[in-house]
Amino acid sequence: MKENIQQIHVLITGGAGYIGSALVPMLIEKNFKVTVYDLFNYGSESLIACSLSENLTLIKGDIRDEEKLKEALKYADIVVHLAAIVGYPACSKDPELAMSTNVLGTKLLAKNMRKDQKLIFSSTGSCYGAIPDGFCSEDTPLSPLSLYGQTKVEGEKIVQEANGISLRLATIFGISQRLRLDLLINHLTYKALTEKHFEVYEPHFRRTFLHIRDVARAFVFTIENYEKMQGQVFNVGSDSLNFTKLDICHLIKNALPDCVITPTDSGTDADKRDYQVSYAKIRNLGFKPTVTVQDGIKELMSFLPYLSDQFIKQTTNV
Ligand SMILES: NC(=O)c1ccc[n+]([C@@H]2O[C@H](COP(=O)([O-])OP(=O)(O)OC[C@H]3O[C@@H](n4cnc5c(N)ncnc54)[C@H](O)[C@@H]3O)[C@@H](O)[C@H]2O)c1
């Protein structure tokens with residue numbers, strides 16, 4: 001297997017971000033050639049662990065810069081498209097930037113790819129919005145509640161027209177070299193460690209989660225099963241990782257008994273997502289997540305208390 005994939009060249013847009021910094025080392029370990037095309041909004045520190053590898057190239061470029069993008073695409077066999085303005089707060093803060101990066105950027109990418117190049121798009125469960133009953137499957141009509149979700153729905157359409165693959169990821173948790181503390185489990189665990197007491201709004205909202213290492217594994221799985229998955233959309237996560245926000249609070253409390261978490265219906269969560277997702281489609285192809293929320297919380301607890309203030313400052317997307 002290693003020999004077959006030795007010369008495969010993966011271009012990762014936004015590859016220095018939270019997901020990219022977990023995925024790049026995994027691909028290098030598997031002998032892929034990797035080029036990261038990124039604006040490095042959070043620096044390139046996240047990829048320092050791979051700095052000795054001859055198989056890694058960094059290009060500073062904007063996904064909306066067509067000429068530079070064309071140049072970067074030349075030698076790619078596969079494109080993993082991660083570059084985006086990520087999350088509803090960051091998109092609401094600058095809607096124009098969000099639209100141009102997430103929609104126009106994806107259009108330019110698809111337009112400039114050759115027919116023989118493969119495209120994998122990082123989409124999100126935010127495309128579903130609030131679905132009151134049952135489990136969302138890939139066929140559930142999309143009703144995004146935020147500009148972020150809308151831009152990702154548009155991105156999916158572009159990718160499907162280009163016969164690529166869209167992975168609708170659950171909300172990620174866990175540590176990566178470019179850490180995000182604005183994600184629900186990471187955020188609540190950080191609050192539990194630092195504030196000891198806090199309130200949780202709309203505790204009955206249902207959400208679905210996936211560990212960062214399993215996200216990286218899902219991209220590798222998609223590269224390795226591309227022909228079977230081509231032209232389709234897949235929910236990526238695990239049925240066993242569908243929880244309410246209150247469930248997550250209980251798991252954090254179990255790990256940190258001295259923190260006090262008060263669920264309350266008196267405030268509102270600006271992130272209105274409330275849905276459960278079925279992961280049968282990707283599971284039936286053989287993809288199975290490996291990390292539980294309990295293990296993710298343990299991992300967060302062992303790292304978060306010792307992060308420098310400077311690092312913490314860079315851990316949200318707004
Ligand atoms: N983290 C999650 O829970 C999650 C869940 C579902 C989907 N996603 C999707 O996965 C992708 C990556 O998310 P992440 O959590 O790693 O985000 P991130 O913000 O950590 O990384 C995004 C990267 O894109 C780069 N970037 C931003 N604008 C750019 C531009 N115009 N040109 C080139 N590069 C640019 C940034 O510098 C950054 O390195 C996004 O498309 C996001 O929508 C993330």
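Colleague: Is histidine 211 buried or exposed?

Modeller: Histidine 211 counts as buried because its relative accessibility is 1%, where buried means under 20% relative accessible area, exposed over 50% and partly exposed in between, with a 1.4 Å probe and protein chains only. This is a predicted model, in which local features need pLDDT of at least 70 and side-chain atom pairs count only at pLDDT 80 or more, while totals for chains, interfaces and linings use all residues. Residues are numbered from 1 along each chain as its sequence is written, and side-chain values use heavy atoms, with hydrogens and water left out.

Colleague: Which strand is histidine 211 in?

Modeller: Histidine 211 is found in strand β10, residues 206-211; strands (E, at least two residues) and helices (H or I, at least four) are DSSP runs numbered from the N terminus.

Colleague: And which side chain makes a polar contact with histidine 211?

Modeller: The side chain of glutamate 299 does, at 3.0 Å, a polar contact being a pair of N or O atoms within 3.5 Å, where within protein one must be able to donate a hydrogen and the other to accept it, and residues adjacent in sequence count only if both atoms are side-chain atoms. Leaving aside neighbours within four places in sequence, histidine 211 is also in contact (heavy atoms within 4.5 Å) with residues including Ile172, Phe173, Gly174 and Val291.

Colleague: Switching to threonine 264, what does it touch?

Modeller: Not counting residues up to four places away in sequence, threonine 264 touches Glu199, Val200, Tyr201, Glu202 and Pro203. Threonine 264 lies in strand β13, residues 260-264, and is buried, with a relative accessible area of 12%.

Colleague: What about lysine 298, buried or exposed?

Modeller: Lysine 298 counts as exposed, at 56% relative accessibility, and its place is in helix α12, residues 293-303. Lysine 298 and isoleucine 252 are 46 residues apart in sequence, and their C-alpha atoms are 9.1 Å apart in space.

Colleague: Zooming out, how many helices and strands does the chain have?

Modeller: The chain has 13 helices and 14 strands. Its radius of gyration is 19 Å, close to the 20 Å that the globule rule gives for 318 residues, so the chain is as compact as a globular protein of that length; the radius is taken over C-alpha atoms, and the rule is 2.2 Å times the number of residues to the power 0.38.

Colleague: What share of the residues is buried?

Modeller: Of the 318 residues, 54% count as buried, and among contacts between residues at least 6 apart in sequence, 80% join residues at least 24 apart.
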